[in-house]
Amino acid sequence: MSDIIRRDPRAEWIARNRLHPLHAAMQPVQHSWMGPNGILRKNVHGVGFIGPNGIKRIDRSGAQQGGVSKRTAAAEVQLPLHQVAAPAFYINVVPDMVGGRLSSHDRDLLGLARQLAGSDGAVLAVVFGEHKESAFATAGVDRLLVLEGHEFDGYSPEQRVQGLRAVDNQFNPRHWLLPDSRSGGGELGRRFAASLKERPATRVWQIKGQECIGRAGAGQEDLARPLPRLILAAAECADPVSETRHEVLPVELSTTLARSLPRIEDLGAVAVDPAAIPMAEAEFIFSGGNGVKDWALFHQTAAALGATEGASRVAVDDGFMARDRQVGASGTWVTARVYVAVGISGAIQHLQGIGACDKVVAINLDPGCDMIKRADLSVIGESAAILQALIEAVAAYRNGAKRDAA
Ligand SMILES: Cc1cc2nc3c(=O)[nH]c(=O)nc-3n(C[C@H](O)[C@H](O)[C@H](O)COP(=O)(O)OP(=O)(O)OC[C@H]3O[C@@H](n4cnc5c(N)ncnc54)[C@H](O)[C@@H]3O)c2cc1C
C-alpha cells in the first residue's frame, strides 16, 4: 500500500449534502456502542437501507440483526431508476464526446434535456463512432443511438449532418440540443440548422417555459426569444442530472445512411507549440505556484507532458512566469479539460479562473488546502519529487509505446 492520501471531493460533498440521495450511504454509521455506564446502546436509525425508489427499507429476515448489513452501503444504495416505457416525444441531444467521454458541458446539456423531457418524454443521445463513456445512465440518457462507421471519424461535419437528418426523420424530436462549443457542437449545430432551414437559438443559458435566453452582441447582451426546435446551449445552461438513474436503451436507425461524397477532406491534426496556444483556449494546462521550488524542472515537466504553462499570481509577481500566463480573477479565466496545479494553494481569486475546467489535478504538500478540495485527483507530496517521477513515468510510457509499435 502506498502512503499517498487519496481523497474523493465528490464523496465528501455528498457526505455534507443532507438532501442528496446517497447522503446516508456516505455516513460512518455506528450501529452499537458501549455507553458510559457499561450498557450496550443501539442506534435504531442505523438499521435498514434505502431502496431503489428512495424509500427506507428494513430487512426483518434477521440478516441485519444488530444493524450490521452484510452488503456494503455503496453496493446497495442506488439512485432511483427513471423509466420511460413509451416516450410521448423525444428530446435529442448530440454531445461533443471530446476524447470519447461526456464533457461537463455535455452533462449540463443532458440536464437541460431532462428538464424539457419531463416525465413523458425521453432523452435520446446521438453519439458518433466509438466512445469510452460508461456513465450515460447517471447523466440522464434514456435512449442511446450510436452512429457507427469510419465516415464519422475525425472532422466530418457533412456526414454527421446527414446522420442527424436521418435521425430527425425517424424520431421527429420535439427539440434538438447541441453544445454551443468550439469542440464541434457549435459548428455542427449551425450546419444542421442550415440544412433543416430552421433558425436555432444560440448560446442559450436559460429556458423558462416557452422562452429561451441566449447571449448576443459579442457576449454583452441577453436575447430572449420563443423556444425554437433547435437549441445550441452554453455551458452551465442547467444543472447536470444527479438524482436519478436512466435506462440507456439502445436504439437504431431503421434506414441505412446514404453515402455521399464529402466535399471536406480531413488531413488530420496539426502539431502546435503548446506555449503558442492562448491560455483561454488551451486544453491541457500545467500551472505552477509558490510551491514550485525548481522552475527548470517545472518547465521540463510541462514540455514532457506537452502542456501549456500557467501560473498563480505569486509565481508571476515573483518573476518566475510571464504576466500573460497568470490564471485567475485578475489573469485569464481558463476552460482546460485538464488543469494541473503544482504548489498552488487555491485562493479564491485563482479558483475563480479555473471554475470551468473539467478535471483538476493538484500537487501539494498540504492535504487541507483549498486546491485539494477543488481537485478531482490529488497528489500529496513535495513538488520537485513528484515532477521528477512524472517525467520518468512519461518517458517510460513513451518508450513502452514505441516498443509496442516496433
Ligand atoms: C485583487 C486580487 C486579485 C488576485 N488575482 C489573482 C489571480 O488572478 N490569480 C492568482 O493566482 N492569484 C490572485 N490573487 C492572489 C491570491 O489571493 C493568492 O495570493 C495567490 O493565488 C497565491 O498563490 P499560490 O497559491 O501560488 O501561493 P501560496 O498561497 O503561497 O501557496 C503555495 C502552496 O504551495 C504549497 N507548497 C509549498 N511548498 C511546496 C512544495 N515543496 N511542494 C508542493 N507544494 C508546496 C503550499 O502548501 C501552498 O498550498 C489575487 C489577489 C488579490 C487581492
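The crossing of helices α5 and α6 is right-handed. This is a predicted model. Helix α5 spans residues 157–171, and helix α6 spans residues 185–196. Their axes come within 10 Å and cross at roughly 55°.

Which residues in α5 meet α6? They are P157, R160, V161, L164, R165 and D168. On the α6 side, the partners are E187, L188, R191, F192, S195 and L196. The residues of this contact divide into 6 nonpolar, 1 polar and 5 charged.

Next comes the ligand. There are 25 residues around the ligand. Of these, S312, S330, S345, N364 and E382 come nearest.

| Residue | Atom in the residue | Atom in the ligand | Distance |
|---|---|---|---|
| Q349 | polar side-chain atom | oxygen | 2.8 Å |
| N364 | polar side-chain atom | oxygen | 2.7 Å |
| L365 | backbone N or O atom | nitrogen | 3.3 Å |

L365 takes part through its backbone.

Elsewhere, look at L116. This residue lies in helix α3, which covers residues 104–117. Where does I91 lie relative to L116? The two are 25 residues apart in sequence, and their C-alpha atoms are 7.2 Å apart in space.

Notes. Residues numbered from 1 in each chain as written. Predicted model: local features only at pLDDT ≥ 70, side-chain atom pairs only at ≥ 80, totals over all residues. Heavy atoms only, no water. Axes fitted to C-alpha atoms, helices over the stretch in contact; angles between N-to-C directions. Helix = DSSP H or I, 4+ residues; strand = E, 2+ residues; numbered from the N terminus. Left-handed = near helix turned anticlockwise from the far one by under 90°. Contact = heavy atoms within 4.5 Å. Nonpolar A, V, L, I, M, F, W, Y, C, P; charged D, E, K, R; others polar. Near = heavy atom within 4 Å. Polar contact = N/O pair within 3.5 Å; in protein donor to acceptor, adjacent residues only side chain to side chain.
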